[in-house]
Amino acid sequence: MPVLGLQSSSLNIPSYGRVSNQANVHETIVVDFEAPEHFEFGVTAPIWDAASTHGSVKAGYCLFEPSIDNVHGGAQSAKLALLQPDIDERRRLHFEHRWSFDDKHFWTVAWYYLPTDFVGVDAEWHEILRCATTYMHRKGKPWTFDPNNYEWWKASLHLTPHNDRFKIFAAIGLGQVDNDGDGVNDYPGGPGFVGRRLVYSVDTIGRGEWNKLVTYVYRDKEHGVFQFWLNDVLQWDEGEIDTLGISFERMQYAYEHPEIYSMARVTSGISLYTGIGGTPKTVYFDDVILSNNTKLAY
Ligand SMILES: [Ca+2]
Ligand SMILES: [Ca+2]
């Protein structure tokens, strides 16, 4: 299938641009981590308005802060650190941008750096980028793996060791969604990666180097697309797959009925996610672009 929308890297994008946050508007957000608002998170934050940090960030457990230690562009980058990842609420940092429920095109661009003393990944959680996610939680229901309680789907990038370096992989069809209302997950497999089809990058990334990650997700039940480029080289090109997750209609219903569903959202963003009993970790992001445009020049 054709490579959708990938253009040259020569276009000059301003350090921070924002068109609109309204639905059905093509929007490209550039985050070079040079401005204070690039580090704000929470429902009123200009970019990371769907952050999921599971607790305060600078409480000695985790960090999301400007750094001059390792920089791709400009004067600083974003340093993400899990200092005590063994504590349940501190094993994850997600900084996500909220999109409209009916947006179909999701681009993410991120420059990503693993420090030279990065110890590696552990257990089953090793997520670095949320390319597209859909989520809704029925109020009053427990957090158990049951689509009657909460529904959740994502296309995301993950790290796995490969010799002394790392490959990047994704699980196709990772989710628990019940769009047809029969009480059964619409996606194959069980919790986590069980039963999922995994795709792996051809190329690898190492410690102490900046790597360019580009993903494109087209949300569609039958003709979905999930593509990934590493340093401008296409690594996988999955087409004719289900990338919709929760349907537009159900997400609209959840948006319009906050008395029934909480935290309904369609998002993309950056992550630092480690496993149970994981080791402390620090990674760096710089020059992130999030877009819902049909094509992206960067
Ligand atoms: Ca920067
Ligand atoms: Ca079902």
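In helix α1 (residues 248-256), the buried residues are R250, M251 and A254; a residue counts as buried if 20 or more other C-beta atoms lie within 10 Å of its own, as exposed if 12 or fewer do, and as partly exposed in between, with C-beta atoms placed from the backbone. Viewed down the axis of α1, these buried residues fall within an arc of 100 degrees (taken from the directions from the helix axis to the C-beta atoms), so they line one face of the helix. An α-helix has 3.6 residues a turn, so residues three or four places apart point the same way. The exposed residues E249 and E256 sit on the face of α1 turned away from its buried side. On the buried side, packing is against β6 (127-138) and β14 (261-273). Helices (H or I, at least four residues) and strands (E, at least two) are DSSP runs, numbered from the N terminus.

This is a predicted model, in which local features need pLDDT of at least 70 and side-chain atom pairs count only at pLDDT 80 or more, while totals for chains, interfaces and linings use all residues. Residues are numbered from 1 along each chain as its sequence is written, and chains are lettered from A and ligands numbered from 1 in the order in which they are written.

Two loops are worth a look on screen. F33, in the loop between β1 (28-31) and β2 (62-67), has a positive phi of about 60 degrees although it is not a glycine. N163, in the loop between β7 (150-162) and β8 (165-172), also is not a glycine and has a positive phi, near 55 degrees. F33 is buried, with 26 other C-beta atoms within 10 Å, whereas N163 is exposed, with 8.

Terms used:
Contact = placed C-beta atoms within 7 Å.
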